[in-house]
Amino acid sequence: MSNGKAFGNLIYSYTRAQAIADGVLIDVTDEAKAHGFKIPVAITDHLFHGYVAFFPEELKSQGQSATGRLHDLLTLAMIAARTSKGSDRAYFKVAFLMAPGRTETVQVIAHIGPGDTAEPVLTIMLPEDD
């Protein structure tokens, strides 16, 4: 540690911008602003494609849409964020309709941390995405 580096030389860094460009994170900042978020917001591709954007076609007749599911997720994320003052993480559950008459409740994490230039950003993810 005499060189001032706690963990040695940096071999590789994967930025948030790269993760968004690669589709590993889905930027939902514009949608999140409508829910009161003032910082960039992204959700993991696993959460987005597994629950927000994915649902059987027959659920459309029951009012399901990716836009509506994202709205619900962001609304619950905002409520969780407001009630978890003093922490960089908020934990909450979301029930997604996955088939007619079948919901799946999933644990979700909203994590605020530094972005690529140390600006605050929010990432919404499933626990296994952490």
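The side chains of lysine 60 and glutamate 57 meet in a salt bridge, with 3.5 Å from N to O. This pair is a friendly way into the structure, which is a predicted model. A search of the whole structure finds three salt bridges.

**Salt bridges**

- In the opening pair, lysine 60 is partly exposed, with a relative accessible area of 48%, while glutamate 57 counts as exposed at 56%.
- Another salt bridge joins the side chains of aspartate 130 and arginine 89, at 2.7 Å from N to O.
- Aspartate 130 sits in the segment after strand 5 (120-125) and arginine 89 in strand 3 (residues 89-99), so this pair ties together parts that are 41 residues apart in sequence.
- Aspartate 130 counts as exposed, with 54% relative accessibility, whereas arginine 89 is partly exposed, with a relative accessible area of 21%.
- Arginine 102 also forms a salt bridge, with glutamate 104 as its partner, and the closest N and O atoms are 3.9 Å apart.
- Arginine 102 is partly exposed at 42% relative accessibility, and glutamate 104 is partly exposed with a relative accessible area of 28%.

- Five strands make up an open sheet in the order 1-2-5-4-3, and their pairing is mixed.
- Strand 1 (25-27) and strand 3 are at the edges with a single partner strand each, so one side of each is left without a neighbour in the sheet.
- From one strand to the next, the twist averages 30°.
- Strand 2 and strand 5 run parallel and are joined by three bridges.
- Across this pairing, isoleucine 43 stands opposite isoleucine 124 in strand 5.
- Strand 4 and strand 5 run antiparallel, with six bridges joining them.
- In strand 5, leucine 122 is the residue that isoleucine 112 stands opposite.
- Strand 5 is mostly covered, as five of its six residues are buried.

**Helices on the sheet**

- Helix 3 packs on the sheet and touches strand 1, strand 2, strand 3, strand 4 and strand 5.
- The direction of helix 3 makes about 70° with that of strand 2.
- Helix 4 packs on the sheet too, touching strand 2, strand 3, strand 4 and strand 5.
- The direction of helix 4 makes about 155° with that of strand 3.

**The nonpolar core**

- The largest nonpolar core has 27 residues, of which Ile43, Leu73, Phe92, Val108 and Ile124 touch the most other members.
- Two or more residues of this core come from each of these elements: strand 2, helix 3 (45-52), helix 4 (66-83), strand 3, strand 4 (102-114) and strand 5.
- Helix 4 gives the largest share of this core, six residues.
- Leaving out residues up to four places away in sequence, leucine 73 touches Ile43, Leu47, Val52, Phe92, Val94, Val108 and Ile124.

**A closer look at threonine 44**

- Threonine 44 is found in strand 2 (residues 41-44).
- Is threonine 44 buried or exposed? Threonine 44 is buried, with a relative accessible area of 6%.
- Which residues is threonine 44 in contact with, leaving aside its neighbours within four places in sequence? They are Val24, Leu25, Thr123, Ile124, Met125, Leu126 and Asp129.

- Strand 4 and strand 5 form a hairpin, with five residues between them.
- Alanine 118 lies in the loop between these two strands.
- As a general rule, most residues other than glycine have a negative phi.
- Alanine 118 has a positive phi of about 70°, although it is not a glycine.
- Alanine 118 counts as exposed, at 60% relative accessibility.

Notes: Residues numbered from 1 in each chain as written. Predicted model: local features only at pLDDT ≥ 70, side-chain atom pairs only at ≥ 80, totals over all residues. Heavy atoms only, no water. Salt bridge = Lys/Arg side-chain N within 4 Å of Asp/Glu carboxyl O. Buried < 20%, exposed > 50% of the residue type's maximum accessible area, 1.4 Å probe, protein only. Helix = DSSP H or I, 4+ residues; strand = E, 2+ residues; numbered from the N terminus. Contact = heavy atoms within 4.5 Å. Core = buried A, V, L, I, M, F, W, Y, C linked by side-chain atoms within 4.5 Å. Pairing = 2+ DSSP bridges. Axes fitted to C-alpha atoms, helices over the stretch in contact; angles between N-to-C directions.
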